[in-house]
Amino acid sequence: METRLDGVAATEHRTRALLGAFERKDLAEVSALLADDSTLTLPMSFSGRTEDAARFTGREEVLGYARDAFTIMGRIRFANVRISVADGGRTSFVRADGDFTTADGRPYRNVYVYSFEWRDGRMVDGAEYGNPITFSTTFAPPESG
């Protein structure tokens with residue numbers, strides 16, 4: 001029983017470390033928390049269909065996603081964070097409010113749910129659920145008129 005609690009506590013700690021690395025825009029720490037064969041999926045498409053909005057395969061692609069997010073966001077801050085750990089520490093779920101700003105200082109607030117699968121202390125499979133309409137209305141090019 002104690003080993004399971006240790007695994008759960010360690011996974012919660014790693015999950016908080018990953019969120020914190022995003023908040024600090026610390027690409028090196030994000031990289032350290034990723035498995036070489038990690039994947040990240042954004043399952044909620046902009047079309048409303050069931051296909052993924054995006055899928056990043058391998059550490060370099062996941063880091064590319066992080067790099068792009070760090071570029072378009074001025075501030076990344078997760079509020080009201082709730083973390084649940086399941087499967088003896090192999091899976092974590094996060095519910096958080098995004099209190100972000102865009103690179104040009106506009107507010108960007110979205111609601112996020114993440115799931116992370118962990119192996120040997122590193123994230124091997126992640127999914128980010130955020131409202132694609134909120135993203136689109138914030139980052140859509142201005143209409144010419």
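These legends describe close-up views of a predicted model.

**View 1. The largest nonpolar core of the predicted model.** This core has 29 residues. Which of its members touch the most others? They are L18, F22, V30, F78, V94, F100 and F116. Helices α1 (2-24) and α3 (59-72) each supply at least two residues. So do strands β1 (34-42), β4 (78-86), β5 (91-102) and β6 (107-119). In soluble globular proteins, nonpolar side chains tend to be buried together.

**View 2. L18 and its contacts.** L18 is among the core members that touch the most others. Set aside its neighbours within four places in sequence. L18 is then in contact with V30, L33, F116 and W118.

**View 3. T11, a buried residue in helix α1.** T11 is found in helix α1. Is T11 buried or exposed? Its relative accessibility is 0%, so T11 counts as buried, the cut-off being under 20%. The side chain of T11 has backbone oxygens to meet. A polar atom of this side chain lies 3.0 Å from the backbone oxygen of G7. The T11 side chain also reaches the backbone oxygen of G89, at 2.4 Å. Leaving aside neighbours within four places in sequence, T11 is in contact with V85, G89, T91, S92 and W118.

**View 4. The salt bridge between D99 and R75.** The structure holds ten salt bridges. One of them joins D99 and R75, with the closest N and O atoms 3.0 Å apart. Where do the two residues sit in the chain? D99 is in strand β5, and R75 is in strand β3 (residues 73-75). They are 24 residues apart, so the pair links distant parts of the chain. D99 counts as buried, at 14% relative accessibility. R75 is partly exposed, with a relative accessible area of 34%.

View 5. D87 forms a salt bridge with R90. Their closest N and O atoms are 2.8 Å apart. D87 counts as partly exposed at 42% relative accessibility. R90 is partly exposed too, with a relative accessible area of 47%. R95 forms a salt bridge with D97, the closest N and O atoms being 2.7 Å apart. R95 counts as partly exposed, at 25% relative accessibility. Elsewhere, salt bridges that share partners join R75, R77, D99 and R109 into one network.

**View 6. The aromatic pair F78 and Y114.** How many aromatic pairs does a search of the whole structure find? It finds 13. In one of them, the ring centres of F78 and Y114 are 6.0 Å apart. Their planes stand at 80 degrees, so the pair is edge-to-face. F78 is in strand β4 and Y114 is in strand β6. These residues are 36 apart and link distant parts of the chain. F78 counts as buried at 9% relative accessibility. Y114 is buried as well, with a relative accessible area of 8%.

View 7. Ring pairs link F78, F100, Y108, Y112, Y114, F116, W118, F135 and F139 into a cluster. R14 lies over the face of W118, at 5.5 Å from the ring centre.

Technical notes:
Residues numbered from 1 in each chain as written. Predicted model: local features only at pLDDT ≥ 70, side-chain atom pairs only at ≥ 80, totals over all residues. Heavy atoms only, no water. Core = buried A, V, L, I, M, F, W, Y, C linked by side-chain atoms within 4.5 Å. Buried < 20%, exposed > 50% of the residue type's maximum accessible area, 1.4 Å probe, protein only. Helix = DSSP H or I, 4+ residues; strand = E, 2+ residues; numbered from the N terminus. Contact = heavy atoms within 4.5 Å. Salt bridge = Lys/Arg side-chain N within 4 Å of Asp/Glu carboxyl O. Polar contact = N/O pair within 3.5 Å; in protein donor to acceptor, adjacent residues only side chain to side chain. Phe/Tyr/Trp six-rings, centres within 6.5 Å; stacked < 30°, edge-to-face > 60°. Lys NZ or Arg CZ within 6 Å of the ring centre and 35° of its normal.
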